[in-house]
Amino acid sequence: MEILLSQLFNGLSGGSILLLAALGLALTFGQMGVINMAHGEFIMAGAYTAFVVQGVLGDAGLSLLVSLPTAFVVGGLLGLALEALLLRRMYHRPLDTLLVTFGVSLVLQQLARDVFGTAGVDVAAPGWLSGPVEVLGFTFPKTRLFILVIAVAAVVLLSALLAFTSLGRRIRATVQNRALAESSGISTRRTDRTTFFVGSGLAGVAGVALTLMGSISSNLGTAYIVDAFLVVVVGGIGQIKGAVIAAFVLGVAQSWIEYSTTASIAKVAVLALIVVFLQARPQGIFVVRTRSLV
Amino acid sequence: MGLLVGCGARVSDGGGTGDAGAACVDTSGTSVKVGFLNSRSGTMAISENTVFNALKLAADQINGAGGVLGKQLTVVAEDGASEPTVFAEKAEKLIRADCVAAVFGGWTSSSRKAMLPVFESNNALLFYPVQYEGLESSKNIFYTGATTNQQIVPALDYLKEKGAKSLFLVGSDYVFPQTANKIIKAYAKANGIEVKGEEYAPLGHTDFSTIVSKVKAADADAVFNTLNGDSNVAFFKEYKNAGLTAEAMPVLSVSIAEEEVGGIGVGNIVGQPVAWNYYQTIDSPQNKKFVADFKNAYGASKVTSDPMEAAYTSLFLWKGMVEKAKSFAVPEIQKAAGGVGFDAPEGTVTVNGDNHHIAKTALIGKIAPDGLIYTDWTSGKPIEPDPYLKSYPWAAGLSG
Amino acid sequence: MNLKVFTGRWAVVGGFVLAAVLLLVVAPALLSSFRLGLLGKYLCYAMVAVGIGLAWGRGGMLVLGQGVFFGLGAYIMAMHLKLADAPASTGVPDFMALISSDGVPVWWEPFRSGVVTIIAVLLVPPAVAVLLGLATFRRRVRGAYFAILSQALAAAFAILLIGNPRSTGGSTGLNNFKGFFGFSLRDPANRLMLYIIAAVSLLAMVALARQLMVSRYGELLVACRDAEERVRFLGYDPAVVKTVAYAVAAVMAGVAGALFVPIVGIISPNDVGIIPSIGLLVGVAVGGRTTLLGPVLGAIAVAWAETSLSERFPSGWTYAQGLLFVLVVAFLPGGLASLRSVLRGWRERRRPPRAAEEPPVPSLSGSSR
């Protein structure tokens, strides 16, 4: 029983990390159909931002709080640059965006190696996040609770943005019917750019959160990018709630299977489950209803 | 095609003449080529760049002191790109296209196993500088890192001495941890130590919550860690955050050296034991000079570690062999190798002519708050290499 | 179009003969046995590229997991070679005896037979492709989903290989082969024979791809890429059309893998995972994905550039590879094969009266008659 619960927590925690990595993708992939393989490197950029901020400020607690918004802006600006320089001309070729952004990700990784060195760097966790916390006789690592909180906060903020702001309305309109949105006077161009900024910024935030968990090196992003895409695919396009459910379900499935088998088998089993699931629901958990054929 | 098939040698003919290329080494001029084959890109570049630097330092020092048999060394450097296939291809290039006298490098067991047939079929020489899982010896490879009886077995002796009655094994999912754990389990069985669990994580795995949960639930006296690379960072952060400490349940690691401590974060790993044959803190004139020279060449913030020291040593050992054989020819070197010694930073090491490993002293160290490792326990004298663990009764049947 | 020379029947035959002479006579005469081995490796990549050109360039399926089929062919061949090398007394390959004492896994046993091995190399990759292809295409899974799924497949395949070192050699993979169907791999004459088998296979695949492209099926495949719904309305099943191309591509990748093993002498998970799978696409994109010869020449050129660039600048190659992807795919989607028409487009745009429109992405040079 105790194991079951602690694995449930581990799964939710793993899911929250997946969710943070995938949330931005749900936005950029969902709205614009851009398959951004460089999203992983935006996560990496967020992690290195945390490293640089800590180097400047010193204090671990303060620098963590400063890193979160800074990394959001760094990730967002990278995304903006990518959109303006390359992706803008490629919206009618969504599959090609995958290859272009893969090229960008190779360059960014090598850049990180040349700037920060090949060795991994460390961001110290603040004292108030070290060690476990005890709830009802169970112990949970504080860092994992903190990441869970960040993930939930990101989802709440993003949902609020989509539901209540005019930007959100414009984004939803563009997702549902780009041509109609445009002819209704929405500048889809500006909407695209803003969406990409927000989506990429979320990758930066995910990067900061990941510094609490593991190593910060140039291949940080590659560890998450495929899983993040699978979350979006399972969740369904254009829906935040789909990504949320998918992330937590995959996280819990992974940790439960891993407990009774091994980490390798769990990874493969989860993938097999996804393929089977897509047989039943090829459009993912939630579908945006449109009248278009494809 | 029939013609071609007709003239090719069958395996049963004894493999044909071959075109063993090592003979193309050119020693007529004032210089001789040596090859350095390290991963300069990819995931292993983190570790292997430092080995390359150490090799370069050794080559510069040898050249500064007049070279080998009066010939200056010309280094041909190649990138193994962290991929076994590339290692095999580049090794072949160094031997057959560049005609180097010997190759130095490799890190992962995969890279070594990929290169081994290349060196054997061309009868060329590889100097491999990293501790490894043993159960191997080749007349074409000199192993200057530790084999199992110089690292893993002493580490187990140490844990036993400290009173560990049970162990938990955590490792990456590949040949070194699996072979190492096989040896550890045999040792444990013979010494009345209980192995409470054995977990493998895929290479590059970053979520250790489940594995750490299992470790915590098992509550062993110590953890034996054979994880590799970035996984160590995630593992130790998780370990600390789960409330586990070096005092309550020490984690003895065999793949974490001075170089890796910075990336993991000293705070996450301070006080944990590690097993090697060299630390930067060794107090000897040879080591002080090595550390000073290294910092002089690459920057004061750089640290030195066991694989770097073993790589540095390997070039001097090769020099010793060549000078003893008075020849750069591989068969002559193989004949002369036994007994060649060097006053290395780790202490005096001697080549074993039978298995091509070297006798080294085992040291268990503890990671200090300054990020360096200080010796806590030593085997006292160099341990003769025994890659197949033939002199250990409990290991009977492991190599078969 | 610049490949118009290949449209006339005699021009096609002439080009084919020229390529055959270059590969089978000129290259072996000029290159050292080491360099010839490297060329043999590039030819294996080129075989995969022919299939990618068909599936991606013609069929519009972004195949990010060709490493899986390449790996299946390679590992099947490698298992056979390891079993053939195994000492007759035990029948257990060297690496297995080292790690465990359990003997040879049951599913290895069939590959003791050379015939079974060759049949498996030809059948297993397309079987997997048909399974995945029908599963995704029938359910009309979107193009992007298919790309991501095929990529995830590559990841899972590599994880499985690494996670089972007792039966697959783990991250080291399988290597140290002594013979190839009884012929010693150390004999230069046999290595030459292998190279020639690879060259002939490549030529055969190019010929097959050309026949497919100019056939009615080829037209249908292009139609599926450009307007899948219309094909469906015309009464065809696009899922079948696409699956066939995917399966053919899988066969080509499988054969390439099977030849890669004796030529290069090693196969490891690093050669089949996500990164190498996408790496295989660079050459195709550079050469021109929709053309017949673009993928072949592109793959050979990129593989050659990788070897020679990485010899001089280890980190430079990563930049070059990344930038190649970005520049070619973003600015020259037709690859170098379309360079001439793009330049002509620019020239014409400068002349005021007639403004040329964007150069079209798909150039149908191969199939226009």
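Chain C of this predicted model has 15 helices and four strands. Helices here are DSSP runs of H or I with at least four residues, strands are runs of E with at least two, and both are numbered from the N terminus. The radius of gyration of chain C is 21 Å, close to the 21 Å that the globule rule gives for 369 residues, so chain C is as compact as a globular protein of that length. That radius is taken over C-alpha atoms, and the rule is 2.2 Å times the number of residues to the power 0.38. Along the principal axes, the C-alpha trace of chain C spans about 80 × 50 × 40 Å.

Residues are numbered from 1 along each chain as its sequence is written, while chains are lettered from A and ligands numbered from 1 in the order in which they are written. Because the model is predicted, local features need pLDDT of at least 70 and side-chain atom pairs count only at pLDDT 80 or more, whereas totals for chains, interfaces and linings use all residues.

How confident is the predictor about chain C? The mean pLDDT of chain C is 86, and 91% of its residues reach 70 or more; pLDDT is the predictor's confidence in each residue, from 0 to 100. Residues 1–6 of chain C stay under 50, and the model gives them 16 contacts beyond four places in sequence. Over residues 353–369 of chain C the pLDDT is also below 50, with 36 contacts in the model beyond near neighbours in sequence. Where pLDDT is low, the predicted coordinates should not be read in detail. The model as a whole scores ipTM 0.85 and pTM 0.89.

Now look inside chain C. Buried residues make up 55% of its 369 residues; a residue is buried if 20 or more other C-beta atoms, placed from the backbone, lie within 10 Å of its own, exposed if 12 or fewer, and partly exposed in between. Among contacts in chain C between residues at least 6 apart in sequence, 77% join residues at least 24 apart, a contact being two C-beta atoms, placed from the backbone, within 7 Å. In the loop between helix 9 (216–226) and helix 10 (228–233) of chain C you will find C:A227. Is C:A227 buried or partly exposed? With 14 C-beta neighbours inside 10 Å, C:A227 counts as partly exposed.

Chain C also touches both of the other chains discussed here. Its contact with chain B takes 39 residues from chain C and 43 residues from chain B. On the chain C side, helix 8 has the largest share, six residues. By class, this side has 15 nonpolar, 19 polar and five charged residues. Here Ala, Val, Leu, Ile, Met, Phe, Trp, Tyr, Cys and Pro count as nonpolar, Asp, Glu, Lys and Arg as charged, and the others, Gly among them, as polar.

The contact between chain A and chain C takes 34 residues from chain A and 36 residues from chain C. Helix 4 of chain A gives the most to the chain A side, with 14 residues. That side has 23 nonpolar, five polar and six charged residues.

Chain A itself comes to 11 helices and two strands. Of its 294 residues, 57% count as buried, and its C-alpha trace spans about 55 × 45 × 35 Å along the principal axes. Strand 1 (residues 132–135) and strand 2 (residues 138–141) of chain A pair in the antiparallel sense over four bridges; strands pair if DSSP finds at least two bridges between them. These strands form a hairpin with two residues between them, and A:L136 in the turn has a positive phi of about 50 degrees. The bridge partner of A:P132 is A:P141 in strand 2 of chain A.

Two bridges join strand 12 (residues 347–351) of chain B to strand 13 of chain B, and B:T350 has B:A359 of strand 13 as its bridge partner.
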